[in-house]
Amino acid sequence: IQADGTDGNCVTFVLHDEDHTLGNSLRYMVMKNPDVEFCGYCITHPSESKINFRIQTRGALPAVEPFRKGLNDLMAVCQHVLSTFEVRPFLRSQ
């Protein structure tokens with residue numbers, strides 16, 4: 001992860017080896033935070049496997065905080081889905 005930005009509340013994170021799968025999910029999780037004014041991402045070029053992920057917060061909250069919280073929340077959701085999937089047996093046709 002590379003962070004570009006002169007102001008702490010408006011930062012572009014460069015995520016290498018990622019695509020829309022992480023970008024859209026993480027954008028959704030970050031936008032749930034009421035302190036976030038803007039969050040978006042773009043794929044730099046179809047032949048490159050990296051995304052630019054931009055966060056702008058309201059006030060003095062540094063952008064890295066909702067970024068970190070979004071990643072942690074997304075991991076928790078993924079863990080919940082995985083554990084639910086592993087607990088429920090598959091239905092087998094007879």
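A residue counts as buried when its relative accessible area is under 20%, as exposed when that area is over 50%, and as partly exposed in between, with a 1.4 Å probe and protein chains only. By that rule F67, at 5% relative accessibility, counts as buried. The model is predicted, so local features need pLDDT of at least 70 and side-chain atom pairs count only at pLDDT 80 or more, while totals for chains, interfaces and linings use all residues. Residues are numbered from 1 along each chain as its sequence is written, and side-chain values use heavy atoms, with hydrogens and water left out.

**Overall layout**

- The protein has two helices and four strands, where helices (H or I, at least four residues) and strands (E, at least two) are DSSP runs numbered from the N terminus.
- Read from the N terminus, these elements follow the order β-β-α-β-β-α.
- Of the 94 residues of the protein, 26% count as buried.
- Among contacts (heavy atoms within 4.5 Å) with a separation of 6 or more, 52% come from residues 24 or more positions apart.

**Strand 4 and its partners**

- Two strands pair if DSSP finds at least two bridges between them, and strand 2 (residues 10–16) is joined to strand 4 by seven bridges, the two running antiparallel.
- In this pairing V14 stands opposite N52, and H16 stands opposite K50.
- Strand 3 (residues 36–43) also pairs with strand 4 in the antiparallel sense, over seven bridges, and V36 stands opposite T57.
- Strand 3 and strand 4 form a hairpin, with six residues between them.
- Strand 2 is mostly covered, since six of its seven residues are buried.

**Aromatic rings**

- Rings of Phe, Tyr and Trp (its six-membered ring) pair if their centres lie within 6.5 Å, and planes under 30 degrees apart count as stacked, over 60 as edge-to-face and the rest as tilted; by this rule there are two aromatic pairs.
- The rings of F13 and F67 are stacked, because their centres are 4.0 Å apart and their planes lie at 5°.
- Because F13 lies in strand 2 and F67 in helix 2 (residues 64–87), this pair ties together parts that are 54 residues apart in sequence.
- F13 is buried, with a relative accessible area of 3%.
- The rings of F53 and F67 have centres 6.0 Å apart and planes at 50°, so this pair is tilted.
- F53 lies in strand 4 and F67 in helix 2, so the pair ties together parts 14 residues apart in sequence.
- F13, F53 and F67 form one aromatic cluster.
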